[in-house]
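User: Hello! I am new to this structure and would like to get to know it. Could you take me through it in a few questions and answers?

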Amino acid sequence: MTTATVSPVETSRSLKSRILGAPSAGPLLVLIGFCLIFALSNPRFLATHNLSIILQQTVIIGVLAIGQTLVILTAGIDLAVGAICVLGTIVAGKLVNLGYDPVLSMGFAILLCTAAGLAAGGLVSGLRLPPFIVTLGILGILTAALRLISEGGAFPVRDPFLAWTGNTMKLGGFVLTYGVLIMFALYAVVWYLLNQTKWGRHVYAIGNNTEAARLVGIPVRRHLLSVYLLAGLIYGIAAWLALGRIPNADPNAMQSANLDSITAVVIGGTSLFGGRGGLIGTLIGALIVGVLRNGLTLAGIDPLWQDLVTGILVIIAVALDQMSRRKS
Amino acid sequence: MSAETTPLQATETKPHIVLEARNVVKTYGHVTALDGVDFELRAGEILAVVGDNGAGKSTLIKALTGALHPTSGEILLDGVPIHFKGPLDARHAGIETVYQDLAVAPALDIASNLFLGRELRAPGLLGSLFRRLDKKRMREEARRAMNELKFRLPAIDNPVESLSGGQRQGVAVARAALFARKLVIMDEPTAALGVRETGQVLELIRSIRDRGLPVVLISHNMPNVFDIADRIHIMRLGRRAAVVSPKTHTMNDVVAIMTGAATA
């Protein structure tokens, strides 16, 4: 007795169009392309030893880029990424060297980084200042303050807990530092938050159309605050990972971390205009930068070429984003 | 059987009033935006609100949706006096509003936009502890709702930016219809659309009415108003000048009342 009615709404997009349409499909092809080129030109590139070095070199920028992705998805930008991370290394290092408990010191340092993120978020959401200016200001303040605290110089940090993330474990001939595992775990957790929860959905909605988000009842300011807070927490964890790689607290470190993290995010296909992109792309973007550095070094090419190629990739990524936005 | 029941019919046919305003005044200093306006939305109707610029249309709508507080007067929802502190209160009371600018998140898919701000969580521990979204159920319910409204759309997991302007506004209108329990207010919903797309959205508004949800439609476009409204509320100088039916009055009549050249 039932009559077949033609449903006005199609059921679902095909699997093929979903895979090809995924925002991280392009960056993944670029990553595979570079790997192929380097593997063919130098057999040492694919050695497990070399691959695990690439991962270790990617850890810090990779983790900082998680926070950067969150901020950029809300149509912001974070120029205090590196400075907040250095805040973590200096504070933890100073406290431990003064004889405080290493776990509490690191915890306090991470808390301070979170507070720095919260401050940025408060200025952006409360006073409605542009994120670019707010984080530029925080970058300046922190950089100067940290040089004053550490009297200008770097100092060694020798503590097994602070260096713990540099420890290694073997996974079938593959050497992984705990830092690499923590990086992947952070990607998994934040990916879940962004893609499987209301919180993440609202991050995208705010970056897409703040006014629409407000109209449907999303507490936009509170949400922005939570984004910057989480970003600060992630930069604090990155500080711990940084001490695991190099047991040294240096106020002049991470000068290029801001641009490197933005590079990873942009190459990974996240739009600087907000609301588009995602974390898988950022991981691929960070790996592209890592693979490029490593491959060109193995090939004995002047390091300046690394920056040149990275620069070209950034411009291509932004151009592609602009073109796809204009089309729609 | 008995003839005694007949007098009752007169009261039975009296329509239920969903939203009502009585003698609402709103002044800003010396300026009187609303000068004792009355308003009445009946169950199951599309009520158009028309008026010249400055006649008080927007102010009236803002008072009805809690976006501003009347200086004096009463607003009743289902016969109960209400005092909205803000638009969120109105929404909690079951009143949804659609605006002329397309209030959608373009990069999110249709289902996500329909459920934006009211996402469904997965059942059990996954939802309560891990806060996991129930994307499948949201897609299914979104598809069902759009089918019920007979609104033609591409796949429900397509981003909204791949839709035409009319389809995008259709998503915003459908979202309001999906969550409104009492009524939907539409503020110039077709102002940004072309002729054909306007037709799609008007059709959607009609099918929302046919499903039993009353609609308040604010519009400048007389042909549209005469196309779908059941009654027309005409504002003039901060008051209700008249309520007329498109069946008994012409567009010229309505314009004459709007401008004060005639009275109802």
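This is a predicted model: local features need pLDDT of at least 70, side-chain atom pairs count only at pLDDT 80 or more; totals for chains, interfaces and linings use all residues.

User: Let's begin with the pair of chains. How many residues does the contact take from chain B and how many from chain A?
Analyst: Put together, chain B and chain A bury about 2800 Å² between them. Of that area, 53% is on carbon and sulfur atoms. The contact is made by 35 residues from chain B and 27 residues from chain A.

User: Which residues form the salt bridge between chain B and chain A?
Analyst: The count between chain B and chain A is one salt bridge.

User: Which element gives the most to the side of chain B that touches chain A?
Analyst: Across this interface, eleven residue pairs are in polar contact, both residues being at pLDDT 80 or more. On the side of chain B that touches chain A, the elements giving two or more residues are α3 (87–92) and α6 of chain B. The one that gives the most, with five residues, is α6(B).

User: Now to a single residue. Is B:E20 buried or exposed?
Analyst: B:E20 sits in strand β1 (residues 17–28) of chain B. Leaving aside neighbours within four places in sequence, B:E20 is in contact with B:F39, B:E74, B:I75 and B:L76. Its side chain also makes a polar contact of 3.1 Å with the side chain of B:R22. Because its relative accessibility is 16%, and the cut-off is under 20%, B:E20 counts as buried.

User: Is B:E188 buried, partly exposed or exposed?
Analyst: B:E188 is found in the loop between β7 (183–187) and α8 (195–210) of chain B. Most residues other than glycine have a negative phi. The phi of B:E188, however, is positive, near 50°. With a relative accessibility of 12%, B:E188 counts as buried.

User: And what is the phi of B:R131?
Analyst: B:R131 lies in the loop between α5 (124–128) and α6 (135–148) of chain B. Its relative accessible area is 42%, so B:R131 is partly exposed. Although B:R131 is not a glycine, its phi is positive, at about 55°.

User: Last one: which elements do the buried residues of α10(B) pack against?
Analyst: Helix α10 covers residues 251–259 of chain B, and its buried residues are B:V254, B:A256, B:I257 and B:M258. Just after α10(B) comes B:G260, with a positive phi of about 85°. The buried residues of the helix pack against β3 (46–51), α9 (222–228), β9 (231–236) and β10 (239–244) of chain B.

Key:
Residues are numbered from 1 along each chain as its sequence is written. Chains are lettered from A and ligands numbered from 1 in the order in which they are written. Side-chain values use heavy atoms; hydrogens and water are left out. Buried means under 20% relative accessible area, exposed over 50%, partly exposed in between (1.4 Å probe, protein chains only). Helices (H or I, at least four residues) and strands (E, at least two) are DSSP runs, numbered from the N terminus. Contact means heavy atoms within 4.5 Å. A polar contact is a pair of N or O atoms within 3.5 Å; within protein, one must be able to donate a hydrogen and the other to accept it, and residues adjacent in sequence count only if both atoms are side-chain atoms. Buried area is the accessible area (1.4 Å probe) that two parts lose on being put together, summed over both. A salt bridge is a side-chain nitrogen of Lys or Arg within 4 Å of a carboxyl oxygen of Asp or Glu.
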